[in-house]
Amino acid sequence: MSDRLILVLAERDYLYGTGALTLRVQHVNREDPIPYDDEPWYFVHGTQLGREGRELGALVVVVRGKRLASAGLQL
């Protein structure tokens, strides 16, 4: 599982949370982007990581498409 993409998301790059978020990505739902603020956002399933990479639990977040693309994900 360590070969999965790890994203560090700024608060402005995901919805309904506060502060930076570190997420090990497991799946991006590319089929149903959400139009918000004149751009597509995507449901991302993953594992939230804490300090030193400790797993905090499963999480589904809505992430800005531009941020996913800048991390190299094909949308």
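## A charged network

Let's start with the charges: D13, E39, R64 and R67 are joined in a network of salt bridges. Bear in mind throughout that this is a predicted model. In total, the structure contains four salt bridges.

Which residue does D13 meet in a salt bridge? Its side chain pairs with that of R64, at 3.1 Å from N to O. D13 sits in the loop between β1 and β2 (21-36), while R64 belongs to strand β4, so this contact ties together parts that lie 51 residues apart in sequence. R64 also forms a salt bridge with E39, and here the closest N and O atoms are 2.6 Å apart. This second pair again links distant parts of the chain, with R64 in strand β4 and E39 in strand β3, 25 residues apart.

## Buried or exposed?

Are the charged residues D13, R64 and E39 buried or exposed? The cut-off for buried is under 20% relative accessible area. D13 has a relative accessibility of 10% and therefore counts as buried. R64 is buried as well, with a relative accessible area of 15%. E39, at 13% relative accessibility, also falls in the buried class.

Another salt bridge is worth a look: the side chains of R24 and E55 meet at 2.8 Å, N to O. R24 is in strand β2 and E55 in strand β4, so the pair links distant parts of the chain, 31 residues apart. R24 counts as buried, at 10% relative accessibility. As a reminder of the general principle, side chains of opposite charge can pair when their charged atoms come close.

## The sheet behind the charges

Four strands make up an open sheet, ordered β1-β2-β3-β4, with antiparallel pairing.

How many bridges join β2 and β3? These two strands pair in the antiparallel sense over ten bridges, and T22 has L49 in β3 as its bridge partner. Strand β3 (residues 39-49) pairs with β4, also in the antiparallel sense, over nine bridges. In this pairing, Q48 has G57 in β4 as its bridge partner.

## Two hairpins

The hairpin of β3 and β4 has five residues between its strands. There, E52 takes a positive phi near 60 degrees.

Terms used
Residues are numbered from 1 along each chain as its sequence is written. This is a predicted model: local features need pLDDT of at least 70, side-chain atom pairs count only at pLDDT 80 or more; totals for chains, interfaces and linings use all residues. Side-chain values use heavy atoms; hydrogens and water are left out. Two strands pair if DSSP finds at least two bridges between them. Buried means under 20% relative accessible area, exposed over 50%, partly exposed in between (1.4 Å probe, protein chains only).
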